[in-house]
There are 2 protein chains.
Amino acid sequence: MITLHTQRQAQRYVPAVRPLLATGLLFAYCAVFATSSLAWDEVVEKQVFEMEEFTTQGGETIEDLAVGWEAYGTLNDARDNVILITHFFSGTSNAAGSYSEDGEPTGYWDAIIGPGKALDTDKYYIISSDTLVNLNAHAANVTTTGPASINPQTGEPWGLDFPVVTIRDFVEVQKALLESQDIDQLHAFMGASMGALQAIEWATAYPQQVERLIPVIGSGVADPWLLATLSSWAAPIRLDPNWNEGDYYEGEPPLDGLKEALKLVTLNANHWEWANQTFDRSWAEEDADPAEDINARYAIEKTLDDIAAARAEQADANHLLYLVKANQTFIAGHGDSLEEGLAAITAPTLMLYSENDLVFSPSGVRRTAELIEAGGAEVELQTLEGNRGHLDGVVAIEQAEAQLRDFLGR
Amino acid sequence: MITLHTQRQAQRYVPAVRPLLATGLLFAYCAVFATSSLAWDEVVEKQVFEMEEFTTQGGETIEDLAVGWEAYGTLNDARDNVILITHFFSGTSNAAGSYSEDGEPTGYWDAIIGPGKALDTDKYYIISSDTLVNLNAHAANVTTTGPASINPQTGEPWGLDFPVVTIRDFVEVQKALLESQDIDQLHAFMGASMGALQAIEWATAYPQQVERLIPVIGSGVADPWLLATLSSWAAPIRLDPNWNEGDYYEGEPPLDGLKEALKLVTLNANHWEWANQTFDRSWAEEDADPAEDINARYAIEKTLDDIAAARAEQADANHLLYLVKANQTFIAGHGDSLEEGLAAITAPTLMLYSENDLVFSPSGVRRTAELIEAGGAEVELQTLEGNRGHLDGVVAIEQAEAQLRDFLGR
């Protein structure tokens, strides 16, 4: 049932001397080396994992499922040095490194993944995959299965006929991916935001397989605030007439709606400190005063529009709707009782979060920590500082480097 | 130039004995009387103030301008017992009392306006008006002038030909309204949110006329966070094909976009504590599991949709866009320097705000207080508690009753 699409090639760390010397940046190299802060500098090989058939938690069948994945470091002979990383709502598998020979690292957690770093590629085999219904369905390096994929039964894109999938479905696909590499034990499972939900779900469903759990900026349940926030992200797509009830693959996609949705994602994932420290009240166009023209914008509006437009080019609107639903349906353990769900976790747990998070309420994160602890597992709860709110769990993760290193080494 | 549309009738407080005795609620009456917490129980008479011509700060002319207004209490002979109240983004002039004989009070600040209350109708003449481009343009008791009004030059609704108006324009219309009643001095000026902007603007532009300033849940400038938040409220309307660049008065109005906009207003004006304490993860329909149907909703989504739909019936989409713009363009004093603008204020100032406000950043409110104080005025800054975030300045204002009473009595 499970096949591995491309041959996985072991990736070994080679010190980053060559490219740095080649460009004469010896001083820079030494400085970097001194802090042991080398980024993972192998060219990341994006690979594809396929399943002939997958049955969702809802009992629906998806044929010819495929998701992209990548890894950093080397799987040891005992196959017990694995760290699984799961990505956030708008993310991809690219947690570290670059896909091109001369590329700057593009991974969202480059700050903590690499030789000598907290997630030490000299020690660990770190694996990360694209989720089902990945937002960036049209990006070159992303492989995912969702409404934009061809339904083998019809030869047409699934559209809204694609079954609703859940965080647990994401977990089951990743579990199959790991099984295809004969991995059945995780040294650690770490994920940010939606990635934290997957980490928690795995540790709830298969507690004996997760040795250390690291949910970042996420909690054990989509609380009503998150239900409503996610709902607001879906709304602009449904308003766009091009959306056409999800049936747009042969026409114009609902780009305007998708852009507005992504603008809300960017805004909610940040915090006012970021907005107010990064922007001022400049106009978008020097000669278009918003006080004189109802259509004139401020610079921050234009910047958010531009970011959203760039992201929308690679994204799929239906996939966003399915991601909204996957996050909304999440409650650890899949039952009605959050207490019972989280009590199943046995792994020592390190939770990182921001008190300025506008997506996952800080009180919800703290409650999750309490319930995991009440179930008998050891829990450390650590705040992240910064001006990005929710996003500090992605862009400011470096501040947790020492704590992560210690937690992973115990 | 200025005409008063209807004759203002003096409104006097009559103790609320009659209706309570009539229904046999003597005990209730005594209990109410003991706490001096009677609501303003006169039938509120909504009146109309008209101007033949109004010139905006941008130099545009609006002919036949009209706004609704109402008052509680009696103007004294010296005409020096006036408190002006200005409303928030989605509000109307109805700060206290009811428009119908047998109606429950509907005013948003009934908790603090009435005989014996902090804004004591036995002492003060409290006046409140609808703003220009009021959101609820189609509500029975609202009179406003904006894009939905007829442009006397064309005989057609203005649509986007209506000039951009600013908080200062709102202030100038209210100033004309007060002048029509020979009032040139304000015992106090109090407003929530957008109402706070008007209060600050008046105290900045005409400092000698404002004796006490009470900005609630608002600050001296629309900071970049607010610019972006307001922008997100406008977006759904622009996405709705029925919006048609603002030209929809002879066709179908953009109700779907307006509803989504109002949903965002409700969500942003609240706080996760409210959402999580008020709602759970119930489904909207008992037999439609959101985990099985991409179109199925949770109860909180349905409630927010329903609230928005009810509000949308009375609202006008273009008016919302103009309100967004009026708020975005706001900087106290109308210049580039917030410091200079706020330094013009001389009135003793009481600022009330919530540390959980997701619309006006708490740091922005604190900064405003510092700058007013730096300009030489006395400032008191007081936090409001509750689970509503921004909205605690409206629905939980009662907690500031003693402080308001003291401040107004000095």
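The model is a predicted one, in which local features need pLDDT of at least 70 and side-chain atom pairs count only at pLDDT 80 or more, while totals for chains, interfaces and linings use all residues. Residues are numbered from 1 along each chain as its sequence is written, chains are lettered from A in the order in which they are written, and side-chain values use heavy atoms, with hydrogens and water left out.

**Chain A against chain B**

- Chain A and chain B each bring 55 residues to their contact, where contact means heavy atoms within 4.5 Å.
- The two chains bury about 4600 Å² between them, 68% of it on carbon and sulfur atoms; buried area is the accessible area (1.4 Å probe) that two parts lose on being put together, summed over both.
- Between chain A and chain B there are 0 salt bridges, a salt bridge being a side-chain nitrogen of Lys or Arg within 4 Å of a carboxyl oxygen of Asp or Glu.
- Polar contact links 24 residue pairs across this interface, both residues at pLDDT 80 or more; the term means a pair of N or O atoms within 3.5 Å, where within protein one must be able to donate a hydrogen and the other to accept it, and residues adjacent in sequence count only if both atoms are side-chain atoms.
- On the side of chain A that touches chain B, the largest share, 11 residues, comes from α5(A), helices being DSSP runs (H or I, at least four residues) and strands likewise (E, at least two), numbered from the N terminus.

**Domains of chain A**

- Chain A is divided into domain 1 (2-222 + 331-409) and domain 2 (229-321), with bounds that come from an automatic or database domain assignment.
- The centres of domain 1 and domain 2 of chain A, taken over C-alpha atoms, are 27 Å apart.
- In chain A, 26 residues of domain 1 are in contact with 25 residues of domain 2, and the area buried between these domains is about 2200 Å², of which carbon and sulfur atoms give 62%.
- A:Phe89, A:Leu135 and A:Asn387 supply 27% of the area that domain 1 of chain A buries against domain 2 of chain A, more than any other three residues.

**Positive phi in loops**

- A:Asp182, although not a glycine, has a positive phi of about 55°, and this residue lies in the loop between α3 (167-179) and β10 (188-192) of chain A.
- A:Asn244, in the loop between α5 and α6 of chain A, also is not a glycine and has a positive phi near 55°.
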